[in-house]
Amino acid sequence: STLYVLPPGFVESSCRSRIFWMKLNKLFLQGKFFQLEIYDPYAGPILLDEKLASRCGYVLSEDVWGNPVFRASVLGCHVANEADELFTLTVNIKVSSFSSMRAAVTYTYPMYCSYPSWASREIVCEENYMEVSVKTDVPAVSNDYTVAWMSALPETQNVAYQQWQLMFVSPSGRKRVTVSDAVKLGYSFNNTLSRVYLRAPYHSNESDVSVVSGVNMNMVTSTSMYRQRWLLLLIDTTVSCPVDGISFTDTTLTWTMPRVIPTLVVQESTFLSKSIVMGVDDQVIVNPEEKNYLLKHNETHIRITIPVGAEDGRLKSSISGGVYGVTYNIDLFLEHTWTDAGWQTTKYTVIKSITTPFMPQMPTVINNTVPEERIFNVAFGHFLPDVSLVAITIGNVPFTPREAQHHGFKVYETLFSNKTKGFILEVSFDDPYVLKEYVNRNETKYTLLVNYTLSVGPEMTLYYHSAEVECVIADIELPEAVGYCDEENLYLTLPAFGLHQYWELYLGNTLLNRHVAFTNGYLAATNSTHLILQIPLFAAGVIYEEVSFQKIKARFDVALRKVRTMETLQIFSVRCSFNSSEFIICHPDGTVMISAQMKTVPAIDMSKTKLRDSSCKPREYNEAHAFFKFHVTTCGTSVRFEGDHIIYENEISYEKETLPEQSIPTITRDPDYSLTVLCYYQAKETLVLGAFVSDPVTSPPFGSGTMGPRSNTAAYRRVRQALNVVSRVSKDESFTEFYEPSMAILKQSVDPVFLEVELKDESPNVELYLENCWITRSMDFSSTPRWNITVDGQVVLNDQCTH
């Protein structure tokens, strides 16, 4: 591969805690693959792998922002060392568009670190290795024979001549190995001009875990040994590093370390802490409290507390089990320098990358809709910057953000005060993808069904969240009807908007459609805006509130009902008074009112007209008219059935004056006057047991009447419902004491029977008609013989019973 000049800004490097730090800018590596090679001046480029890294003092990871980070100990395998003061390491950065790394571009990057001031002992706890380096120009053997590593002394007779060896002490016993054997076990041991160092992996077979002040410490206890004829060199190369000590709350993370590590301090009574410094990445934090960081220490512990979300770290979105949440990651280091009688100065450095556990963050849908604007305004948040909107589904129709904008939706991002963001969606109430439902009296419920598809975190995991936003607004105007009359008709005019869509018109319990209107003799006309109903005065459905001589107060009601629920929202009524010289009105309760006009020549005296029963005279009269009011069960009215109608019939006639019988007959000029009166009623169901009841809101089912040759058999049809009918047998003619129900009543054939049939309902649109009634000798309805009381509504007079 060819060597290339580094692009500006691609690589940053620094020296900190005797470590090379190198960071690559991820923007230069988007869509590409890279490898790092360590350039050895003698062996050439060596590909960096995990095993080599931990043994040679290298770390390859990422910072919290995803930029590749490379760290290397200045005592690393391929570092050029000049007098333990100037250190050089050259790294090849290979970048390719292919995973096979073919056609790679290679950038060579040399790093230089100056580190002249070494402590007597320096320990580095890295992510993947522990390293201890010790000065060799100081007396290393203490007079304190209680020190653990002194137990190696009996073995010194076996130390090879002029060859370094290592003695490991672990719970499984002692193990003495050569340097080359230690390399096979994953260790790295070497000496420089003035120092000896040991690099160990975590959790090796020779290591042990001990708890110090509540923190688990990984420890490798070892003694490095070297023998010459005039010299026996024993160096304590024990190293101990924390492997946990991290705790979390919802708002903070805390890193705890022991202040004194017994295996590293020979005489604890002489321990003196000189400085404790914390840092983030490769930068020392001089004033932690300015960033709300807490660096506290007491006799036993050192604690660093960081607020979750602090700017030196990174909140990162992620998905766990289909749930959206965040993690917080920060790269910390701590440098603790102390002195003690055994070691003079120890510099102890720990580098720690800390990531919080997954913290679920349920996104919220905030409805900022102002109903008057008729636009849904929905905010969906709160999210970190690493979340993007991929698609949005409105009413089961998916849109990309661009397609949504093209359709007419508004989709845009908004920033919240806590540095999170949300997605705003604006949709018109009138958009075809918004569900609309008519509710209450005059309101529309608009429902926006949204399903968000988000790309979450650096891994770009897809996350789905659905929401339903409703808004109810009074934007439907209930129609107002206008009523008026002419000489023969009542009129209702009402707006046609919303009819059949939201409401229907009902006449009682009957849907007022064109067929019903035509059958009842109404005229219905519509234009672009209104419906006009013309109702003749004597048409079915007209309610006669007051009827008097030559005057009628009539009313017509139409109910406005909701299409689906049948709830009555409004009753439209038109009321008028009419002057009519001739009419017949058959009320539902059987009352008949007639205004009869004199049509004879010469004229007759209308006061002398009568019904079949001559005692039934006109209530009012004048020269040309007579007004009768009677019940269909009186005045000699007869009844008969014709098809599905009951027809009551009477006759108005003129009673001529005659002289007494003994007198001579008188010739009169009075003409004959006879006017047949007919009332038609819809036949009702026959009631044997139980009852049917009517709706009091229902307009009365008026019978229709005719006088003379005029015939109008159109009748109002009504829905069959239950009525409350009670029948009883009285003990006597006073009708004050009654026999118990369901009880056999024994009578002699000559005894009278007093029957009462009562309709309990007070609604004026219900009438009672007794069709058939009979007596038998047993409780069996079909037993014979039977004696009839009424047949087809007519009383049958016989010598067995009295009614």
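The torsion about the S-S bond of cysteine 56 and cysteine 77 is about -95°, so this disulfide is left-handed. The two residues sit in distant parts of the chain, 21 residues apart: cysteine 56 belongs to helix H1 (residues 50–56), while cysteine 77 lies in the loop between strand E7 (68–73) and strand E8 (80–82). Before going further, please keep in mind that this is a predicted model.

Are the two partners buried or exposed? Cysteine 56 is buried, with a relative accessible area of 1%.

**The wider set of links**

A disulfide is a covalent bond between the sulfur atoms of two cysteines. How many disulfides does a search of the whole structure find? The search finds 6. Counting the bonded cysteines along the chain, the pattern of the disulfides reads 1-4, 2-3, 5-6, 7-8, 9-12, 10-11.

Here are some of these pairs, with the distance between their sulfur atoms:

| Pair | Sulfur atoms apart |
|---|---|
| Cysteine 56 and cysteine 77 | 2.1 Å |
| Cysteine 586 and cysteine 679 | 1.9 Å |
| Cysteine 616 and cysteine 635 | 2.0 Å |

The link of cysteine 586 and cysteine 679 is left-handed, with -85° about the S-S bond. This pair joins distant parts of the chain, 93 residues apart, with cysteine 586 in strand E49 (residues 583–586) and cysteine 679 in strand E56 (residues 674–682). Cysteine 586 is buried, with a relative accessible area of 2%, and cysteine 679 is buried with a value of 2%.

The link of cysteine 616 and cysteine 635 is left-handed, with -85° about its S-S bond. Its ends lie in loops, 19 residues apart: cysteine 616 is between strand E51 (609–610) and strand E52 (620–621), and cysteine 635 is between strand E53 (625–631) and strand E54 (638–642). Cysteine 616 has 13% relative accessibility, so this residue counts as buried, the cut-off being under 20%. Cysteine 635 is buried, with a relative accessible area of 8%.

**A patch on the surface**

Which residues form a nonpolar patch on the surface? They are Val390, Leu462 and Tyr464, with about 290 Å² of accessible area together. Valine 390 is found in strand E33 (residues 387–394), and this valine 390 is partly exposed, with a relative accessible area of 36%.

Definitions and conventions:
Residues numbered from 1 in each chain as written. Predicted model: local features only at pLDDT ≥ 70, side-chain atom pairs only at ≥ 80, totals over all residues. Heavy atoms only, no water. Patch = residues over 30% accessible without salt bridge, like charges linked within 9 Å, V, L, I, M, F, W, Y side chains within 5 Å. Areas by Shrake-Rupley, 256 points an atom, 1.4 Å probe, with all protein chains shown as cover. Salt bridge = Lys/Arg side-chain N within 4 Å of Asp/Glu carboxyl O. Helix = DSSP H or I, 4+ residues; strand = E, 2+ residues; numbered from the N terminus. Buried < 20%, exposed > 50% of the residue type's maximum accessible area, 1.4 Å probe, protein only. Disulfide = S-S within 2.5 Å.
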